[in-house]
Amino acid sequence: MKIAYLIAAHNNYLHLQRLIAALNEKHSAFYVHIDKKYALPDIKGDNIVFIEKRVNVHWSGFSQVRATLNLLDRAMKDENDYFAFLSGVDYPIKCNSYLYDKLKEGGEYIHIQKMGTDPYAPLSRYKYYYFTDYYNRRDKRSGKTQFFLGVQKKLRKLRIRKKIPFQLYTGASWFILSKFCVRYILDEIKKDKKYIQFFRFGFCPDESFFQTIIGNSKFCKNVRGYLTYADWSIDPGPAIIEPYHIPVLKTLTGKFFARKFNDNSAAIIELIDQELRSAEEKIVE
């Protein structure tokens, strides 16, 4: 079984190296998207590809989906069986053989729920128009930001909204999908533009785009849940993983990754390697 790790990153390159080193196996390959605003890191390896088709990523914009699609498209050109999408600040919390054993069971590992079941993912994110790829949402003093925020507010006041052409699903951004599911997604968006047209001007479409395509397909019955842990007990979250998280990580079932970490996470990484990943490693065949 060959796993393609699709990594979205823009900083914390020291940790990115740790992540790749931890996951590196005979049958693994790494495809990395670095936000176009940032320089490429000096990380090399025979199985590491920094994709050329880079995107200027804006948080909560469709650019996040576009970067993921570019990663999937590039990785599908090679012979891979599963495609694991993660951020550059993730890290595995179990030995790698756990993931291989899990994937041998088959299925799609993604968080999917029908729209309306999660109060943190309201319908307003998608039925109204957002233009977050065209301004810096965090720079409230910018004239461009004020202009687009004003346009969004005006459209909502006028009750101008999008028609929803399918059942909407939502969930966490991170996933591990089979080559059959990925092929279906890429084929579907080529032959039917409704998904890109609808989500292009949504808010946080990365938390609904792939879920909606899968949720409206035969692959939905094979969804097994996602394998990434994050601590959302702080605002804004997720929290940086610290030593006090170790007891929690030890009790987790059904999770392989945790996030998030940074370049200063060497101490907690060492603890995870010693206490969580040092169990007898099986040889991955």
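This is a predicted model: local features need pLDDT of at least 70, side-chain atom pairs count only at pLDDT 80 or more; totals for chains, interfaces and linings use all residues.

Trainee: Let us start with strand E2. Is it buried or exposed?

Mentor: Seven of the seven residues of E2 are buried, so the strand is largely enclosed by the rest of the structure. Buried means under 20% relative accessible area, exposed means over 50%, and partly exposed lies in between, with a 1.4 Å probe and protein chains only. Helices (H or I, at least four residues) and strands (E, at least two) are DSSP runs, numbered from the N terminus.

Trainee: Which residues are on each side of E2?

Mentor: Ser-28, Phe-30, Val-32 and Ile-34 are on one side, and Ala-29, Tyr-31 and His-33 are on the other. In a regular strand the side chains alternate between the two faces of the sheet.

Trainee: And how does E2 pair with E1?

Mentor: The two strands pair in the parallel sense over seven bridges; pairing requires that DSSP finds at least two bridges between them. Tyr-5 stands opposite Phe-30 in E2.

Trainee: On to the largest nonpolar core. Which residues touch the most other members?

Mentor: Leu-6, Phe-209 and Phe-210 do, in a core of 37 residues. Among the elements that each supply at least two residues of this core are E1, E2, H2 and H8. A nonpolar core is a set of buried Ala, Val, Leu, Ile, Met, Phe, Trp, Tyr and Cys residues joined through side-chain atoms within 4.5 Å. A second, separate core of 25 residues includes Tyr-5, Leu-16, Leu-99 and Tyr-109.

Trainee: What does Phe-209 contact?

Mentor: Leaving aside neighbours within four places in sequence, Phe-209 is in contact (heavy atoms within 4.5 Å) with Phe-62, Val-65, Leu-69, Ile-189, Tyr-195, Ile-196 and Phe-199.

Trainee: How many aromatic pairs are there?

Mentor: The count comes to 24. Rings of Phe, Tyr and Trp (its six-membered ring) pair if their centres lie within 6.5 Å; planes under 30 degrees apart count as stacked, over 60 as edge-to-face and the rest as tilted. Phe-131 and Phe-148 form a tilted pair, 6.1 Å centre to centre with 40° between the planes. Phe-131 lies in the loop between helices H4 and H5 and Phe-148 in H5, so the pair ties together parts that are 17 residues apart in sequence.

Trainee: Now Asn-70. Where is it, and is it buried or exposed?

Mentor: Asn-70 is in helix H2, residues 63-75, and is buried, with a relative accessible area of 9%.

Trainee: What about Asn-216: where does it lie?

Mentor: Asn-216 lies in the loop between H8 and strand E9 and is partly exposed, with a relative accessible area of 34%. The side chain of Asn-216 reaches the backbone oxygen of Gln-167 at 2.8 Å.

Trainee: How far apart are the C-alpha atoms of Asn-216 and Gln-167?

Mentor: They are separated by 7.0 Å, although the two residues are 49 residues apart along the chain.

How values were computed. Residues are numbered from 1 along each chain as its sequence is written. Side-chain values use heavy atoms; hydrogens and water are left out. A polar contact is a pair of N or O atoms within 3.5 Å; within protein, one must be able to donate a hydrogen and the other to accept it, and residues adjacent in sequence count only if both atoms are side-chain atoms.
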